[in-house]
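A short briefing on each follows.

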Amino acid sequence: MFSAIYSYALSHHLLRPPFALWLALTLTIAIPATSHAQETVQDTVEAVVPEWPDDSLGRRTPRGTVVGFIRAVADEDYTKAALYLNLNTPEGTIKDGAATAQALQRLLDQRSKTLPRSWISDTPEGDLEDDLPPDKERVGTAEVANETFDLLLEKTQGPAGGPIWLVASETISKVPLQIEAPETAVVESVLPEYLTETRWGGVPAGHWLAMLLIAVIAYLIAWGITASLTFVINYIWRKTKDEPTYGFIRAFSLPVRLYLAALILVVMSQRLGISFVVRQRFSEFTIIVGLVAVILLLWRLVDAITNFSQRRLVQKNNMSGISIVLFLRRGAKIALLVFGIIFILDTLGFDVTTGLAALGIGGIALALGAQKTVENFVGSVTLIADQPIRVGDFCKVGDTTGTVEQIGMRSTRLRTTERTVVTIPNGDFSSQKIENFAHRDRFLFALCCACVTTPRRPRYRPCYELRETLTAHPKIDKTSARVRLTEITSDALKVEVFSYVLTSDFNEQLEIKEGLLLSMMDAVNTKGKGFALPVQQLLVSQDGTGMGDAKEKRL
């Protein structure tokens, strides 16, 4: 499926950042269904397709045919390269296969765009999901006399049975002969003779060095273009120096530069006549650079958007929104990293869809072994959705009290009053009793004391003095304030004080509480005999029988 989409994009010149974004979203949705479908198709094929002997030239698959042809022309063995061509054209059978193979090489060198090797089907059936007949496979495009046509492979029947993939006869018929061949490539006309005669991997050494030089030049050109555009935008639009515009422009600069450099490298290597053998080796590199550029662009956009949102939420003191933004940013980055690795592995030739299907089969076993991980992830989603706590809240979870520093995908971190960091798995965190002190709008002020009366002032009423002191404070909630005599004992009057302090700041309520207690002590000591405090007195006997019993007396 990947090669079919890429083939269509290549033939229609769609490899641009918007198409790459569409490609990523499309593959994201299509991978699970494709994995299941390919698994079913593979099981069916394995059940009905007989075993054939290996082809000595490796032509059983489209990729094997392309790789074999490249190796043959790299070794300048054009007789062997002709064995990868279907010479039975509509105009008749071509007698000189070696000359045709050499002419095809010249065409591929100067006027072609070929798929990366890893994107060509490596199965005997070929890619069954493209828009071509089952016996045809598109591997690129070429241009002759300002006419662009597809480079096709076709499936034929081998002598020993089984499919043999060859360069299609309709493609061979469009290959110009020696007399119509293009002029000498630009790169060969400027290379020194010793770089042309020296060959690396069947290709003049100058082509490899020129490809590296073109890559450097392409990056410098891309850097100059992006720097010029950034300067012009900053000069015309002054607002670009301020956030968040500056963050978005900076997010685009490096990814666009990389993507533009890869595009310039491909175009220049084709126009300068770099051997298609070298271009084929570099094709996977350019595709990976393009994918990295798209992933990097999305990564930096996620940072720019979340940083802007976070600043706005801080200004509005919306801590719950900040927690959601941080969680979504981590999730988006993990998704980008996973999909980036999948695309790069697929470009390098690894069978990603089969691997994903295998993961689907082993998903149950993996889930059983990762129950805690799944539980913690579900717990993190619960914490973000239900929002019992937010970053910056002071709370108590079980026996742990502290300030929430981070709500991660696996665990939550609390900074305790001892300045230590306690990490609690989100699965345990969400299942425990959570006491959040950050949402408290007022503090409870409660006191139970015993006051001593004096014979000289029998009508002394401690409740009145305490009530006057309590209600006189401006930070006391008058509706909840009460001072009541709750019990009369033989040596004291027990009084209960209850009220709310109108503040949400912990340090301020401590200051108010301290002032109230000092004022109440002064009122009771001035108007009465003071508070009744329990005193323990120990009497020691000296009668020789040992220590006497301890007696308690309240003074």
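In this predicted model, helix α9 has 32 residues and reaches 47 Å from its first C-alpha to its last, which is close to the 46 Å expected at 1.5 Å a residue. The helix covers residues 205-236, and Ile233 is found within that range.

- The buried residues of α9 are Ala205, Gly206, His207, Trp208, Ala210, Met211, Ile214, Ala218, Ala222 and Thr226.
- Ile233, which is also part of α9, is described as partly exposed because its relative accessible area is 38%, a value that lies between the 20% limit for buried and the 50% limit for exposed.

**Cavities**

- The model holds five cavities of 30 Å³ or more, and the largest cavity has about 200 Å³ of space.
- The largest cavity is lined by 16 residues, of which Val66, Phe69, Leu108, Val139 and Leu151 are the closest to its centre.
- Two or more lining residues of the largest cavity come from each of α3 (62-74), α5 (97-110), β5 (147-157) and α11 (276-315).
- Among the contributors to this lining, α3 provides the largest share, with four residues.

Technical notes: Residues are numbered from 1 along each chain as its sequence is written. This is a predicted model: local features need pLDDT of at least 70, side-chain atom pairs count only at pLDDT 80 or more; totals for chains, interfaces and linings use all residues. Side-chain values use heavy atoms; hydrogens and water are left out. Buried means under 20% relative accessible area, exposed over 50%, partly exposed in between (1.4 Å probe, protein chains only). The expected span of a helix is 1.5 Å times one less than its number of residues. On a 1 Å grid over the protein atoms alone, a cavity is a set of points where a 1.4 Å probe fits but cannot get out, and a pocket is an open set with protein on both sides within 12 Å along at least five of seven lines; lining residues have an atom within 4 Å of a point. Grid points are joined across faces, edges and corners, and a volume is the space filled by probe spheres set on the points.
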